[in-house]
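Hi,

Here is the structure I promised to send over. Have a look first, and my notes follow below.

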Amino acid sequence: MIGNIAAGLYGVGVTPSTSSYESIATVTVGAGGQSTISFTSISSTYKHLQIRGILRGTGSVADYNTTTLTFNSDTAANYSIHGLQGTGSSAGAYGTANTSNIDCGTLTGNSNTANAFGVTVIDILDYASTSKYKTVRSLTGQDSNNTYGIVQFLSGSWRSTSAITSITLKASSGTPNFNQYSQFALYGIKD
Amino acid sequence: MAATYEPIATTTLGSSANTVTFSSISGSYTDIVAVCSVKATTGSDEVLRSQVNGDTGSNYSYTYVQGVSAGAQSGRASNTSLILTQAGNLAIPEGASTFAPYVVQYMNYSNTNTFKTILSRGAGVNQAGASVSLWRSTSAITSIRFYIAAGNFDTGSTFTLYGIKAA
């Protein structure tokens with residue numbers, strides 16, 4: 001008879017791994033919302049960065065908006081983006097050159113299902129390299145138990161060989177603020 | 001110093017089984033990441049499914065995108081009884097030595113102010129994709145079940161939970 005397996009939990013005697021994946025900073029949005037999230041003075045001691053977040057906007061949007069990021073206060077047309085996405089009704093792709101920011105997360109609108117948040121995992125590889133342009137990879141999505149679902153593979157490029165020392169996240173135009181309980185956590189990965 | 005990203009529990013099947021459940025999950029982390037390598041028993045034709053906290057009701061929904069030889073596809077479902085961790089309805093591999101990888105992220109799993117959104121990506125022999133699922137509950141997730149609707153996970157399939165702790 002095929003049965004079920006109850007997984008065993010690690011107990012005493014299992015040593016936690018040493019710290020090659022470290023939490024750098026976390027921002028949790030309070031009541032009233034927040035227009036931008038910034039991580040500044042980022043140390044160059046890591047090899048890669050990862051941002052993990054849950055996202056909801058304050059605007060009266062019935063479906064979702066996009067969260068964008070910029071590096072080192074650069075808001076000029078020094079970025080490019082691509083995406084592969086599914087909305088349930090269709091699968092598609094897009095790309096834009098010479099943009100002023102990088103798409104990095106799906107932001108659930110405030111007129112969408114209550115308590116539902118978009119989520120995102122953003123990887124920034126070799127962020128401190130001074131010989132490479134910077135590439136961002138994001139996996140993001142939101143589902144609201146209605147017609148408004150989306151899951152996206154996103155990529156972006158920042159055409160700069162400067163080390164990244166700051167990251168600014170914003171909701172796209174039309175949804176001014178991140179809503180309460182939205183959260184962005186920045187992690188550093190060592191090699 | 002406590003690890004930020006640490007293993008919580010793992011199971012490697014020594015014999016085939018329909019379900020693997022992780023219980024009594026601590027609420028001390030920010031996110032839970034499940035890394036799975038799975039194969040179905042011969043004759044199975046099923047996807048990797050998940051439920052949380054023993055909830056078998058229609059309290060879930062999902063949207064997926066996948067790439068197959070025929071092109072890119074997307075679909076979604078509302079008021080379902082499962083978290084879809086593999087894009088679409090394509091089967092977990094059944095070949096002799098072919099195991100498919102999945103990474104399933106239970107974001108902010110212990111947050112009691114929000115519903116729970118689960119982000120996953122997987123790949124099989126002939127497809128790759130991602131899905132996002134919603135569990136409409138503000139309860140903290142304390143147990144995670146992986147299961148296959150028909151047939152079983154084969155011997156050697158592995159399921160590992162990791163906890164990520166934000167500052």
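Starting in chain A: A:Gly86 sits opposite A:Val151 in S11(A). That belongs to the antiparallel pairing of S6(A) with strand S11 (residues 150-158) of chain A, which runs over eight bridges. Strands here are DSSP E runs of at least two residues, numbered from the N terminus, and two of them pair if DSSP finds at least two bridges between them.

S6 (residues 79-86) of chain A also pairs antiparallel with S7 (residues 91-99) of chain A, through seven bridges. There, A:Leu84 has A:Ala93 in S7(A) as its bridge partner. Four residues lie between the strands of this hairpin, and A:Gly88 has a positive phi near 95 degrees.

Now the interface. Chain B brings 59 residues to the contact and chain A brings 50 (contact means heavy atoms within 4.5 Å). Together they bury about 4100 Å², 63% of it on carbon and sulfur atoms; that is accessible area (1.4 Å probe) lost on putting the two parts together, summed over both.

Two salt bridges link chain B and chain A (a Lys or Arg side-chain nitrogen within 4 Å of an Asp or Glu carboxyl oxygen). A:Arg52 makes a salt bridge with B:Asp31, with the closest N and O atoms 2.7 Å apart.

On the caveats, this is a predicted model, with local features needing pLDDT of at least 70, side-chain atom pairs counting only at pLDDT 80 or more, and totals for chains, interfaces and linings using all residues. Residues are numbered from 1 along each chain as written, chains are lettered from A and ligands numbered from 1 in written order, and side-chain values use heavy atoms, without hydrogens and water.

Cheers
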